[in-house]
Amino acid sequence: MMKSSWRSALAFGHDLAAAALAWWAAYLLRFNLDVPLEFHGDMLRSLALVVPLQAVFFSGFGLYRGIWRYASLPDLKRILLAVLFSAIAVATLLFMLRMPIVVPRSVLILDPILLLLLMGGSRVAYRVWKERGLRGWNATQPVVVLGAGDAAVGLLKDLERSREWRVVALFDDDANKRGKQLQGIKVYGSIDELPQWYEKLGVQHAIIAMPSAAHGVRRHAMEICAQCSLKVMTVPSFDDLISGKVTVSQIRQVELDDLLGRDPVVLDTAGLHQLLDGSTVLVSGAGGSIGSELCRQVVKFRPRLLVLFELNEFSLYAIEQEFRERFPDIDIACVIGDVKNRVRVQQVFAQYRPQVVFHAAAYKHVPLMENANAWEAVRNNVLGTYTLAQAAIDVAVEKFVLISTDKAVNPTNVMGASKRLAEMVCQSLQRQGSTRFIMVRFGNVLGSTGSVIPKFREQIARGGPVTVTHPDITRYFMSIPEAAQLVMQAGLMGQGGEIFVLDMGEPVKIADLARDMIRLSGFSEDDIRIEYTGLRPGEKLYEELLADGEHTLPTPHAKLRIAQARAADGAWLQALLAWLSAEDLLDDAAVKQGLRRWVPEYNPAPHDVPRL
């Protein structure tokens, strides 16, 4: 507070001195720098009147509430008004009240002009000196900006105060902008012309400022930057900008999501509010990557209570701490439990009586579940689903949403076959109560626990090599928030028994993904090589979203379709449960043999076929 008062006093003193100087300079200009002696006395006597009067207007117009370093047009407007009204007041006192002081009329015109220049100019000069001179003109790194639209203009304004970046050129595909200037920065040409200029401009960095452009345009810009070996950054997404979460100057490194980019999900927010607002929602596997994101998306629709059901103590603790900090007004219940434990599950459902359940708890890692853990995978993914689903029927849960996988289609591994069985369990239970069961299939999500993305990051950080199982292996990818949003949308739309298939876009070669990550990390394949290790147990070259004999039906949502798959009846379910409840631990060979009986489309890879 003392520092602020000291600065205000200093600014006030500066303006008083400026007022005296402007009055004196007006006399000098009026008399061609040679003021006659007979006017000296009147100049000094009028100065004693003019400066205090102007000081009153300076204070009255709030000239000392702002900070000079951030002087802007509103500040200059206040100065203009203060000077204008003080000039009127001075003229009124001198002439209307017939005071015994002779002041030339030209002085009354020159004084406010000079005073405005002195007060406004000093503030602008101080801001320029503070932002540029104090840190030196060469202290910043030169950078080019790709895009010359509204986002670029906002970025240029913000970077004027940057201690790190100095924009030297703009590139935009709009031919009408070529040669024009934005905020004093020239548009050199199209983005494709960047390779002709980057060396002449002496830049090593580029910022992509096209948040509302199509994904293909942004990716093309990134590829051009890669050709020039430029380190690429980008502005926040358009959605984040318009929501006010971030500002355009909060540039960040380009992430994998930017390269794989997908159109934003359009949610039926009114319908989701109707489903979730004021409801008790339970999420199993709430500490996992998908489960935790589901929780974050659910809280946007104001549930009465969110039950976080999780087996892993640390994961539950982490999500509990996050929600206490980020969503303190949302009631949560943190519950430790195993989805296979019927007594514990029934106790939790009886206590909280949820209206909506999202079942994300599962063993998902294909190679780990393939050998030595096959029986645990099947019991957890199938018996756990049945236990949770039966508890949901008992307390009349309105909707039960099972998170499934594209690996359930023509499965070649234990994990995929177990998820297909979980789908069939839910389908068979659909007839037993009022609970509506909805299944949602999708592929890999970027950055999820156990996915290839974190593994690649670690390998790149160690200097490589980056290991890929096969040059032609492909996968579908979507972001975790997109997957969670579509799961919620499917849960809203489902009437019971449907298997929803998410639009996963185009499949991506894992090898291309590895190359992109190496490039985004600032390296080339000469620095970090890619090594092919061979397919792992249970691994497919490619994933499918629909099984043989299945077909899909459209839905009102462009990114969701309904797969019509073979269902199961109650007798089938009882036989399956008898197999799952066997007291003996089955070895891998027996598990895979049983899966071939329960899931006819299960076709393990040759090296995984059990020999009996």
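Me: What makes Ser229 exposed?

Reply: Ser229 has a relative accessible area of 63%, and the word exposed is kept for values over 50%, with buried meaning under 20% and partly exposed lying in between (1.4 Å probe, protein chains only). Ser229 is therefore called exposed. Please keep in mind that this is a predicted model, in which local features need pLDDT of at least 70 and side-chain atom pairs count only at pLDDT 80 or more, while totals for chains, interfaces and linings use all residues. Residues are numbered from 1 along each chain as its sequence is written, and side-chain values use heavy atoms, with hydrogens and water left out.

Me: Where does Ser229 lie, and what is its phi?

Reply: Ser229 is in the loop between helix H7 (215-227) and strand S6 (231-234), where helices (H or I, at least four residues) and strands (E, at least two) are DSSP runs numbered from the N terminus. Its phi is near 60°, a positive value in a residue other than glycine. Most residues other than glycine have a negative phi, and most peptide bonds are trans.

Me: Why is Arg302 called partly exposed?

Reply: The relative accessible area of Arg302 is 39%, and this is why it is called partly exposed. Arg302 also has a positive phi, near 55°, and belongs to the loop between helix H11 (289-298) and strand S9 (305-310).

Me: Why does Leu560 count as buried?

Reply: Leu560, which is found in strand S22 (residues 560-564), has a relative accessibility of 1% and so counts as buried. Of the 612 residues of the protein, 51% count as buried.

Me: How do you know that the buried residues of H20 line one face?

Reply: In helix H20 (residues 570-580), the buried residues are Trp572, Leu573, Leu576, Leu577, Trp579 and Leu580. Seen down the axis they fall within an arc of 155°, so they line one face of the helix; the arc is that of the directions from the helix axis to the C-beta atoms. The exposed residues Ala571 and Ala578 are on the face of H20 turned away from the buried side. Helix H15 (374-394), helix H16 (414-429) and helix H21 (588-598) are among the elements that cover the buried residues.

Me: Why are H20 and H21 called roughly antiparallel?

Reply: Their axes cross at roughly 180° and come within 12 Å, the axes being lines fitted to C-alpha atoms, for helices over the stretch in contact, with angles from 0 to 180 degrees between N-to-C directions. Angles over 145 degrees count as roughly antiparallel, those under 35 as roughly parallel, those from 65 to 115 as roughly perpendicular and the rest as oblique. H20 and H21 are therefore roughly antiparallel. In their contact (heavy atoms within 4.5 Å), Trp572, Ala575, Leu576 and Trp579 of H20 meet residues of H21 including Leu595 and Trp598.

Me: What makes H10 and H18 roughly perpendicular?

Reply: Helix H10 (residues 269-276) and helix H18 (residues 480-493) pack at an angle of about 75°, with their axes 10 Å apart. H10 and H18 are therefore called roughly perpendicular. Gly271, Leu272, Leu275 and Leu276 of H10 meet Met488, Gln489 and Leu492 of H18, and the residues of this contact divide into 5 nonpolar, 2 polar and no charged. Ala, Val, Leu, Ile, Met, Phe, Trp, Tyr, Cys and Pro count as nonpolar, Asp, Glu, Lys and Arg as charged, and the others, Gly among them, as polar.

Me: How many residues does the largest nonpolar core have?

Reply: The largest nonpolar core has 57 residues, and those with the most contacts inside it include Trp572, Leu576 and Leu580. Such a core is a set of buried Ala, Val, Leu, Ile, Met, Phe, Trp, Tyr and Cys residues joined through side-chain atoms within 4.5 Å. H15 gives the largest share of this core, 12 residues. A second, separate core has 42 residues, among them Met488 and Leu560.
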